[in-house]
Structures are given as structure tokens and as C-alpha cells.
Amino acid sequence: MRLFEAIVEANHRALAGDAKAGLHPADFADELPVAALTCIDARLNPLLPEVLGLPKEQFIWLRNAGNIITGPTSSTMRSLALACAVKGARQIAIIGHNDCQVCKTSAMKLDDAFRALGIQRASLPENLTEFFGLFASERQNVIKAVDFVRHSPLIGPKVPVHGLLVDIGTGKLEWVVNGYQTLETATAPPPPSLGELAGQGMDALKSFAEFKIGEMKFPDTKIGELATEGKDWLVHEIHQIEIRPPQPPQPTPPPSVAPKIPLPPPIRVTPVVRKWKK
Ligand SMILES: [Zn+2]
């Protein structure tokens, strides 16, 4: 069993009430430390790295608003690269969360919020959605970020890149992207298909179909919607068919309660000789 298989299993067992569930980091010394990118949401503060069962010293914690990666050589990507090259991170995890306020923010809301802060619209970039990397689906945002990291020239082929979602109410982990599987299939990448190009978001769409965002008339959407509906837009570009009407807004979930998390048992602090497995 590999590290993240053990992490997810221990997390689920602990949440199911197994008081003995927990991770034994010494068994995974050759897969540690982990570099993780999470949102800045303060509700994550008491959850990580505890819900992973990892000791703090094996958890390199990078944060930005919305755990967004905007490009293969972006500032966050450079920090992830240095986490591996300088701090010796062996695995990367992009960890999104439910009820993310960045996900709930549209360009229009952001415009209003900036105005309330005394920031004039003219001093901001024209496309706030693209500039801030706003998204409409926490899951799609994680998948997109993992894809950026996996294909970044700054991240070597030896580092598994996982995508997870954590429930801020319960601490439950969902393993969205298994970095071990994508690592195996990444050795001989096939040429990108139309669907893959569409899945890569706006940049790929732009380059493929000379897609000019300013010439399209569409409602105030976010990057996640662009990613998930990119295929439809690509078809539109090629076949000149109608764009689907915007999706109705999703109902707002009830506010989450303060987390009460059955955590794995505390890690026994005993002197451990670091094992380097072959
Ligand atoms: Zn968030």
C-alpha cells in the first residue's frame, strides 16, 4: 500500500468510528514529505495535516485563495517546484474543499467587493475571472490544478501529483485524482485529442480554435464552467451551433457547523531511523 492509499483508508476508517485507525508515517518514509496546496480558508487551519494523519514536519503547506494554479510556471507552481527541489517533497497534493468562497464568487461580485474597498474598476484587469482564476466547481478546480502540475516543466516525472477534496464539516477526504495512476499513464502520453484540448481550459481553446473571448457574448461565467463546458464551445467553434443557455444557479448549501472530527490517533513520537526503501 502506498502513502495516499493508506491516508485515505485511515481517514475513512477513523470517520467510520474505528478508534485504532491511523497512519504510521515511518512506514512511508520514502514517500515523505508531502507538499500540499490548499485554500486560504481559515476553517482548514484545524484540519490539516491532522485529517491526513501526517505529522506537521512532513507536511509542506502552500496556500492561496481557492487553491488555484493559473499556469504551468505560475508563482504557486514555482513554490511547488522548490518544495520538491529544495525541501525534498516526494509527493504533491492539491487539496480543495467544499463551501469554498472563491468558488461562490463571480466576477460581478468581485467587482462590487473591490469597489467597496475603494478600488476602481479601471485599475483592475479587464477579465477578472481569468486573472484571479475564479472557478465554479471545487472538483473541476482541483482536477485542473493537478493537470497543470502534472504537465509543468518544473515538476519532474517522478513526483506523484494527487487531487483531493476535504469536507470542512467532517474532515472526510475524497481522492479525486490518484497521482499514482496518472504517473503510470504519463510515461507515454498520446497526442492530445479534441476532448483533451477542451479539458485544458481556455488557453488550449484559444490556441486551438483562435478563440477570442472578447468576441463571444456569454454570461458572467467562471473558469470551472469554462473548463467543463469547453467541449461544447469547441463544438460551437467548429460547427457553428448554438451555445447552451447558462446553467441555473445552484442552491446554496447550509452553512457548515464547526468541525468535530474523529481524527486518527496521535502519532507516537519515537526516534525513528529514516528508512530509504528501494
Ligand atoms: Zn476556499
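**The zinc site and strand E1**

Let's start with the zinc ion. Its donors follow the spacing C-x57-H-x2-C along the chain. One thing to keep in mind: this is a predicted model.

Which atoms hold the zinc ion? They are the SG of Cys39, the NE2 of His97 and the SG of Cys100. The distances run from 2.1 to 2.2 Å.

Cys39 sits in the loop between strand E1 (34-38) and strand E2 (59-63). Cys100 sits in the loop between strand E3 (91-97) and helix H3 (107-116). So the pair ties together parts that are 61 residues apart in sequence. Cys39 and Cys100 are both buried.

Next, the histidine. His97 belongs to strand E3. Is His97 buried or exposed? Its relative accessibility is 1%, and buried means under 20%, so His97 counts as buried. Leave aside neighbours within four places in sequence, and His97 still has contacts, including Cys39, Asp41, Asn67, Glu138 and Ile168.

On to strand E1. How many of its five residues are buried? Five. In a regular strand, side chains alternate between the two faces of the sheet. Look at E1 with that in mind. Val34, Ala36 and Thr38 are on one side, Ala35 and Leu37 are on the other, and all are buried. Both faces of E1 are covered.

What does E1 pair with? With E2, it pairs in the parallel sense over five bridges. There, Leu37 stands opposite Leu62. E1 and E3 also run parallel, joined by five bridges. Here Val34 stands opposite Gln91 in E3.

That's the tour. Thanks.

Definitions and conventions:
Residues numbered from 1 in each chain as written. Predicted model: local features only at pLDDT ≥ 70, side-chain atom pairs only at ≥ 80, totals over all residues. Heavy atoms only, no water. Donors = N, O, S within 2.8 Å, 3.2 Å for Na, K, Ca; no water. Helix = DSSP H or I, 4+ residues; strand = E, 2+ residues; numbered from the N terminus. Buried < 20%, exposed > 50% of the residue type's maximum accessible area, 1.4 Å probe, protein only. Contact = heavy atoms within 4.5 Å. Pairing = 2+ DSSP bridges.
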